Amino acid sequence: MKKPDLVISIVNHSNPELLHDCLRTLYATTRDITFDVWIVDNATGGRGVDAMRRDFPQVHWLFNTERKGFSANHNQVLRQARGRHFCIFNDDTIVHEGAFDALVRFMDENPRVGMAGARLLNVDGSIQNCTFRPMSLAGQLFDIVFLPRTLHFLKQLAVDPAQYGHEEARVNWVLGACIVVREEALAEVGLLDEAMSPLGNTEDTDWCARAWQAGWEVAFCPEAVITHLTSRSFRPSERGPDKVRIELWRTRLAYFRKHHGRLHEAALRAILVGTLPYNSAVLTQTLLRGRMSLPEYRKQLSTFMGISRMGLSARV
């Protein structure tokens, strides 16, 4: 049997309405390629699944009996599906006309590209950060620390400006909401690193870095446009620290250890611990000035404390 041009892997977490809309737009806008859609139901209890199976009987389903992380879920599909190209794709997305047609065409026209990402938009139509420069210690410092308004530009230094243009570009890494990988590149680079994303955090950075290391290019395809509703799959709890954000920093520690060694990991740990007093002082000042509610103050402070403890923990 001939392989489809593209296999699209999606994880169903707890937003069946969003996933249903994603499937509607995906099938309505993809016209020029052959493709298979695989959905991993992440032990959701089946809410909304019957409706999706009724409306899209061609979808392949896998059902977890217990919750698994982002990488582990997608790896189930990457191991068993067959296609010329594969795509890990978020459920909180809206596919624009011809986006996947453009991505497959781009891959076929650029045989040295092993992975490619689409242009991502916010719900208001503005450009969402989706192309990035190499992850650095300075970038981590600017990311975690509160900066005065005049220095906010420092938080954008990690973003590759290619995302604002209309030309294809080679970039260091692309956001994991939508990454297309060539079959041959997948065979050489390997699956997503499950230690990098029990929730879904730094697996995209690691995957793209490994593609470059294996001799493949990573690219941005602006012709393919997708609206990404931004982390609707993982919503922080209303009370207590933001566990998703704390987990993000754990995976970044794992990334620096894997790609830069223990000295860089130790430096990042120092950043996570050393910035706590300053960030706490800024939060307290904001509270005293009446610019933040007490519940929000407690939540943010407990989150920063959790990140700092992560810096001191032996767990990576």
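This is a predicted model: local features need pLDDT of at least 70, side-chain atom pairs count only at pLDDT 80 or more; totals for chains, interfaces and linings use all residues.
The largest nonpolar core comprises 91 residues, and the members that touch the most others are Ile8, Ile10, Phe89, Phe100 and Trp207. Helix H4, spanning residues 99–109, supplies the largest share of this core, with seven residues. Because residues of both domain 1 (6–228) and domain 2 (242–312) belong to the core, it lies between the two domains. In soluble globular proteins, nonpolar side chains tend to be buried together. The surroundings of Ile8 can be listed in detail: apart from neighbours within four places in sequence, Ile8 contacts Leu26, Phe35, Asp36, Val37, Trp38, Cys87, Phe89 and Phe100.

Helices H10 (residues 276–288) and H11 (residues 294–312) pack with their axes 10 Å apart, at an angle of about 180°. Since angles over 145 degrees count as roughly antiparallel, H10 is roughly antiparallel to H11. On the H10 side, the contact involves Leu276, Asn279, Ser280, Leu283, Thr284 and Leu287, which meet Leu294, Tyr297, Gln300, Leu301, Phe304, Met305 and Ser308 of H11. Classified by residue type, this contact between H10 and H11 contains eight nonpolar and five polar residues, but no charged residues.

Asn42 is located in the loop that lies between strand S2 (35–41) and helix H2 (49–55). The relative accessibility of Asn42 is 1%, and this residue therefore counts as buried, the cut-off being under 20%. When neighbours within four places in sequence are set aside, the contacts of Asn42 are Val11, Asn12, His13, Asn64, Glu66, Arg67, Lys68 and Asn73.

Conventions: Residues are numbered from 1 along each chain as its sequence is written. Side-chain values use heavy atoms; hydrogens and water are left out. A nonpolar core is a set of buried Ala, Val, Leu, Ile, Met, Phe, Trp, Tyr and Cys residues joined through side-chain atoms within 4.5 Å. Buried means under 20% relative accessible area, exposed over 50%, partly exposed in between (1.4 Å probe, protein chains only). Helices (H or I, at least four residues) and strands (E, at least two) are DSSP runs, numbered from the N terminus. Domain bounds come from an automatic or database domain assignment. Contact means heavy atoms within 4.5 Å. Axes are lines fitted to C-alpha atoms, for helices over the stretch in contact, and angles run from 0 to 180 degrees between N-to-C directions. Angles under 35 degrees count as roughly parallel, over 145 as roughly antiparallel, 65 to 115 as roughly perpendicular and the rest as oblique. Ala, Val, Leu, Ile, Met, Phe, Trp, Tyr, Cys and Pro count as nonpolar, Asp, Glu, Lys and Arg as charged, and the others, Gly among them, as polar.
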